[in-house]
Amino acid sequence: MTTAMSDSFDLGEPPQPAKAPDAPAYRVLARKYRPQTFSELIGQDAMIQTLGNAIKRDRLAHAFLMTGVRGVGKTSTARLIAKALNCIGPDGDGGPTIDPCGVCEPCRAIAEGRHIDVIEMDAASHTGVDDVREIIDASRYSAVTARFKIYIIDEVHMLSKNAFNALLKTLEEPPPHVKFLFATTEVNKVPVTVLSRCQRFDLRRISAEQLAKHFAWVSTEEGVVADPEALMLIARAAEGSARDGLSILDQAIAHAGLEGGGVTADAVRQMLGLSDRGAVRDLLTLILAGDGAGALASMRRQYDYGVDPLSVLRSLLETVHGITLTKVGTPPDTAQPMEERAAREEWAASLGFPALHRLWQLFLKGHDEVAKAALPIEAAEMALLRAIYASTLPDPGELARQIASGTAPAAAPTAAVQPTP
């Protein structure tokens with residue numbers, strides 16, 4: 001009876017509150033803004049034109065090799081080629097095109113990485129001949145749903161020698177429904193026998209101006225205010241790589257916080273450990289004036305702020321290079337601040353080419369020494385003192401003229417030297 005009563009009053013588990021749906025996972029900028037069409041691929045106009053003409057004339061190679069530094073769009077280009085070859089258009093009756101629609105099932109499946117006929121493989125983790133043998137065996141069968149069966153092999157230079165040899169015959173005479181797309185950062189490690197069987201595209205480094213313009217667009221899409229100078233600093237730090245630049249921009253946006261101040265040049269310099277351009281100009285002025293104590297104090301001040309000594313030498317090299325270009329007469333960089341351009345024009349008018357080349361060699365040697373030194377700040381200070389001492393020396397041509405005219409300064413008296421017996 002007690003059992004029955006307890007059963008009748010069993011209310012079960014208390015109701016649980018409804019669980020809120022999970023927020024969409026954050027995607028880093030480098031993935032969020034990956035090019036989805038050839039028009040979004042920046043800095044590779046020559047390759048896009050070649051591919052477009054090949055598709056229009058139906059002169060498609062059976063193997064493509066994309067090479068270039070990291071982050072310029074090699075893998076993205078391979079996926080875009082896969083979409084261009086397999087696109088069927090919104091109505092389902094389209095053919096290969098340089099402007100894939102992006103809405104048909106093949107385009108969407110390739111963009112999401114789930115197309116059964118587009119196989120993407122990382123050669124760094126599949127280096128053996130057995131992995132290549134699987135590709136060779138599967139390539140004999142026709143595509144399931146797509147027009148072409150496409151194999152995208154990233155970092156292809158990581159394949160072993162036996163794997164390359166096993167791939168040669170299939171790569172030279174593949175079935176008509178198969179296309180190979182290779183991507184590598186070290187094309188010199190790819191055998192010549194493989195290179196001769198591929199149509200090669202060398203993807204260029206993206207210029208700093210194009211990167212800064214792209215980053216400005218990304219900042220606008222993200223609703224973030226960014227200084228043009230800050231974007232140019234990020235573009236130069238990226239060294240031609242869109243992915244590296246977007247990663248730095250992502251970090252800069254996080255560094256700016258939630259105060260709404262936006263991405264500023266000072267914040268980017270602090271984040272990347274870059275030296276301030278004004279401090280570099282002051283340091284170069286002290287060096288040219290022969291003020292050793294002031295130059296060392298300026299160097300120590302930047303070092304205390306967290307600036308890497310190697311970055312200071314690199315900035316000095318960039319400044320000397322910019323002064324030399326200004327003296328030659330190259331157009332000024334519109335992205336530079338006005339005070340920077342004015343300082344370079346003033347130095348270019350007062351310094352000769354021999355002095356600029358001497359400064360370049362001295363700073364370049366100092367840069368190499370600092371990069372290898374166990375005591376970087378001490379090595380940087382010695383490099384600055386060497387440049388200061390050299391800046392006070394007369395120009396070799398002027399010294400030769402002084403000697404010829406008899407107006408050369410007399411040498412300092414030296415201690416008497418005993419004649420050698």
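**Helices, burial and salt bridges in a predicted model**

Colleague: Which are the buried residues of helix 4?

Modeller: This is a predicted model, in which local features need pLDDT of at least 70, side-chain atom pairs count only at pLDDT 80 or more, and totals for chains, interfaces and linings use all residues. Residues are numbered from 1 along each chain as its sequence is written, and side-chain values use heavy atoms, with hydrogens and water left out. With buried meaning under 20% relative accessible area, exposed over 50% and partly exposed in between (1.4 Å probe, protein chains only), the buried residues of helix 4 are Lys74, Thr75, Ser76, Thr77, Ala78, Leu80, Ile81, Ala82, Lys83, Ala84, Leu85 and Asn86.

Colleague: What covers the buried residues of helix 4?

Modeller: Helices (H or I, at least four residues) and strands (E, at least two) are DSSP runs, numbered from the N terminus, and helix 4 is mostly covered, with twelve of its 13 residues buried. Taking contact as heavy atoms within 4.5 Å, the cover of those buried residues includes helix 3 (45-56), strand 1 (63-67), helix 5 (105-111), strand 2 (118-122), strand 3 (149-154) and strand 4 (178-184).

Colleague: How far does helix 11 reach from its first C-alpha to its last?

Modeller: Helix 11 takes in residues 242-256, 15 residues in total. The expected span of a helix is 1.5 Å times one less than its number of residues, and for helix 11 the expected 21 Å is close to the reach in the model, which is 21 Å.

Colleague: Which helices are included in what covers the buried residues of helix 11?

Modeller: Helix 11 has Ala242, Gly245, Leu246, Ile248, Leu249, Asp250 and Ala252 as its buried residues. Their cover includes helix 2 (29-32), helix 9 (208-222), helix 10 (228-238) and helix 12 (265-272).

Colleague: Is His367 buried or exposed, and at what relative accessibility?

Modeller: His367 is found in helix 17, which takes in residues 353-372. Leaving aside its neighbours within four places in sequence, His367 is in contact with Leu310, Leu313, Arg314 and Leu317. His367 counts as buried because its relative accessibility is 17%.

Colleague: How far apart are the closest N and O atoms in the salt bridge between Glu120 and Arg79?

Modeller: A salt bridge is a side-chain nitrogen of Lys or Arg within 4 Å of a carboxyl oxygen of Asp or Glu, and a search of the whole structure finds 20 of them. In the pair formed by Glu120 and Arg79, the closest N and O atoms are 2.9 Å apart. This pair links distant parts of the chain, Glu120 in strand 2 and Arg79 in helix 4, 41 residues apart. Glu120 counts as partly exposed at 40% and Arg79 likewise at 26%, while the N to O distance asked for is 2.9 Å.

Colleague: What is the relative accessible area of Arg140, which forms a salt bridge with Asp137?

Modeller: The closest N and O atoms of Asp137 and Arg140 are 3.8 Å apart. Asp137 counts as partly exposed at 34% relative accessibility, whereas Arg140 is exposed, with a relative accessible area of 59%.

Colleague: Which residues are linked in a network of salt bridges?

Modeller: Side chains of opposite charge can pair when their charged atoms come close. Glu186 and Lys189 meet in a salt bridge at 2.8 Å, N to O, and a network of salt bridges links Glu105, Arg108, Glu112 and Arg114.

Colleague: What percentage of the residues of the chain count as buried?

Modeller: The chain has 19 helices and five strands. Of its 421 residues, the part that counts as buried is 41%.
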